[in-house]
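Look over the sequence and the structure first, then read on.

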Amino acid sequence: YARRLLELHAEALEALHGPALSGLVRLGVPDDYAARYLTPVLRSFAARHAGVEIALSCEQSTELIPKVQRGELDLVLVTRDKPDRGTLLRHEPLVWVGAAAFEAWRREPLPVAVYEPGSLARKEALAALSAQGRAHRIVYNSSSLAGQLSAVESGIAVAVLTRCSVPPGLLILGEKQGLPPLAAMPVVALRSKASRGSAAVDALQALMLSSLAQPA
């Protein structure tokens, strides 16, 4: 009787969520997208597919894209670096941020913290300042979100972050502080060719698309 109850429970779960899945999905996401976008997706996925193991890599998009292309990762959520790469989910605004206690944005030349060379946020920030004719200098480099936040919170510099990653203690800056407008970053899902045929990757990709796709 108990065995039959277990079978019925399994059949009910399969009817609700599809067949039971297992295996490993190697997932990559930058740390500024992880908490805002990935946490609810993984929570929902774990509830549906408890038998699937997720191996998560948090790195910048510039590192993740080559890894998924080489098949070292199965699926990544990244900032698009080339037109038509990946499946577009949404556009994430870029914003200037600073610490109110230091008002680094009043300094001349403007002290700027930037991500690693190749970063789209870095390119956008420097191009916007150059187009505005604002004197500036790079005073801090870090490839991590934590490093950027440290530079801003300590008053060393202003930085450009995705809006979703700005903590409550920092100010979002703009025209009032004499800073130029910034473009939004295209956020895409990108999958490796090597992962084709994996039902577990199929399921996570489908959930990511349905959960994160921005209404047109």
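A polar contact is a pair of N or O atoms within 3.5 Å; within protein, one must be able to donate a hydrogen and the other to accept it, and residues adjacent in sequence count only if both atoms are side-chain atoms. Helices (H or I, at least four residues) and strands (E, at least two) are DSSP runs, numbered from the N terminus. This is a predicted model: local features need pLDDT of at least 70, side-chain atom pairs count only at pLDDT 80 or more, and totals for chains, interfaces and linings use all residues. Residues are numbered from 1 along each chain as its sequence is written, and side-chain values use heavy atoms, without hydrogens and water.

**Ends of helix α4**
- Helix α4 covers residues 120-132.
- At its start, a side-chain oxygen of Ser119 comes within 3.3 Å of the backbone nitrogen of Ala121.
- Just after α4, Gly133 has a positive phi of about 80 degrees.

**Faces of helix α4**
- Ala121, Arg122, Ala125, Leu126, Ala128 and Leu129 of α4 are buried (under 20% relative accessible area; exposed is over 50%, partly exposed in between; 1.4 Å probe, protein chains only).
- Seen down the axis of α4, the buried residues fall within an arc of 160 degrees (directions from the helix axis to the C-beta atoms), so they line one face.
- The face turned away from the buried side carries exposed Ser130 and Ala131.
- The buried residues pack against β4, β5, β6, β7 and β9 (contact: heavy atoms within 4.5 Å).

**Tyrosines of helix α2**
- Tyr33 and Tyr37 both lie in α2 (residues 31-48), 4 residues apart.
- Tyr33 is buried at 1% relative accessibility, and Tyr37 is buried at 7%.

Technical notes: The expected span of a helix is 1.5 Å times one less than its number of residues.
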